[in-house]
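The structure is shown first, and the description follows.

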Amino acid sequence: MKLQVIGDPVLHSKSPVIHGAMLGALGLDVSYTPQVVRRGELPDYLRWARENGVTGFNATMPHKEDLLPLLDWLDGDAALCGAVNTVCLRGGRWIGFNTDGGGAQAALEGAGLWPVRNVVLLGAGGAAKAVAFRLAQAGAERVWVCNRTAERAEALCGQYRCQALAPAGFDPATLRRLAAQSQLLVNCTSLGMAGCGRQFEDFSFLDALPQGAGVFDLIYHPAQTELLAQAERRGLPTLNGLPMLVNQAVLALEHFLDRPLDRKAMAQAAASALRGEEA
Ligand code: NAP
């Protein structure tokens, strides 16, 4: 059995370390390697993978949406959010899954930040889609999707036709007003990410959050973004993107192996391998 992660760029991906650790903990002799696949090369890659014994792969930028028309079947989350991060070859058919939303929910639960009633979610890109949809499915009464480009937030909320999702603006006054009614703020924008070069200009929405409200940043590089540092200074509980990364990988491995795993043990193996890498 061979597994891969594809993307462009992909060589920086932590997925080989995470999956290598989980496969090692299971005692399985399965390879998991990164493969650069450029935009437009997906049909060739799928042909090559089939001929070379690759039975599953994870997909990162820029393929999460481009894969949709090339697959034979989409599982629930992938079909609903219109993005795929995990693909398995089953009975000769390529099946697409999305484990980002499930990974985010598991990370929030692990940190004691879920369930909550109302969520302010910043961003409307690929990650925001998966997380907003999942939190709405998981019982949030309201998820305000706040995005710089209003049309993208409207399109995201329109796509799901789900009462819990509502588009909103990204200006400081709107963010403060919605934060005051929320128990969780989730950053799904790339603001604050290493290499992005851009930062939030105004953190006053953090002052509006009620005491005890959680602040979850999907970014894991750096481990503590300016958003999380500012939230911590205000005494708010915080969570970075690493537990989500690990949990989405655990869910992906269950799809690759087509069986349930001891999720806690898998997450622990992955987290300790990542710590070892940093040391
Ligand atoms: P994406 O599709 O490119 O979306 C980027 C989002 O950031 C868009 O909503 C965009 O708004 C917003 N944005 C960018 N620059 C901005 C600015 N200057 N001001 C305001 N908003 C801005 O990216 P993605 O794939 O969703 O990823 C988003 C973040 O999540 C990245 O940092 C990524 O590393 C992280 N992520 C983490 C995990 C994990 O497992 N922890 C998984 C997936 C992604 P516009 O629509 O207005 O352009």
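## Parallel sheet

Leu-185 has Val-215 in β11 as its bridge partner. The strands concerned are β10 (residues 184-187) and β11 (residues 214-217), which run parallel and are joined by 4 bridges. Strands are DSSP runs of E with at least two residues and helices are runs of H or I with at least four, both numbered from the N terminus; two strands pair if DSSP finds at least two bridges between them.

Both strands belong to an open sheet of 6 strands with parallel pairing, in the order β9-β8-β7-β10-β11-β12. At the edges stand β9 (165-168) and β12 (238-239); each has a single partner strand, so one side of each lacks a neighbour in the sheet.

## Basis of the model

The model is predicted: local features need pLDDT of at least 70 and side-chain atom pairs count only at pLDDT 80 or more, whereas totals for chains, interfaces and linings use all residues. Residues are numbered from 1 along each chain as its sequence is written, and side-chain values use heavy atoms, with hydrogens and water left out.

## Aromatic pairs

A pair of aromatic rings is described by the distance of the centres and the angle of the planes. Rings of Phe, Tyr and Trp (its six-membered ring) pair if their centres lie within 6.5 Å; planes under 30 degrees apart count as stacked, over 60 as edge-to-face and the rest as tilted. By this rule, the model has 7 aromatic pairs. One of them is the edge-to-face pair of Tyr-45 and Phe-57, at 5.2 Å centre to centre and 90 degrees between the planes. This pair links distant parts of the chain, 12 residues apart: Tyr-45 lies in helix α2 (residues 42-51) and Phe-57 in strand β3 (residues 54-59). Both Tyr-45 and Phe-57 are buried, where buried means under 20% relative accessible area, exposed over 50% and partly exposed in between (1.4 Å probe, protein chains only). Ring pairs link Tyr-45, Phe-57, Trp-48 and Trp-94 into a cluster.

Phe-170 and Phe-200 form a stacked pair, because their ring centres are 6.4 Å apart and their planes stand at 25 degrees. Phe-170 is in the loop between β9 and α7 (172-179) and Phe-200 in the loop between β10 and α8 (204-208), 30 residues apart. Phe-170 is partly exposed at 23% relative accessibility, whereas Phe-200 is buried at 7%.

## Cysteines

The count of disulfides (cysteine sulfur atoms within 2.5 Å) is 0. The sulfur of Cys-88 is 15 Å from its closest cysteine sulfur, in Cys-81, and therefore too far for a bond; Cys-88 is buried, at 2% relative accessibility. For Cys-162, the closest cysteine sulfur is in Cys-157 at 8.7 Å, also too far for a bond. Cys-162 is partly exposed, at 23% relative accessibility.
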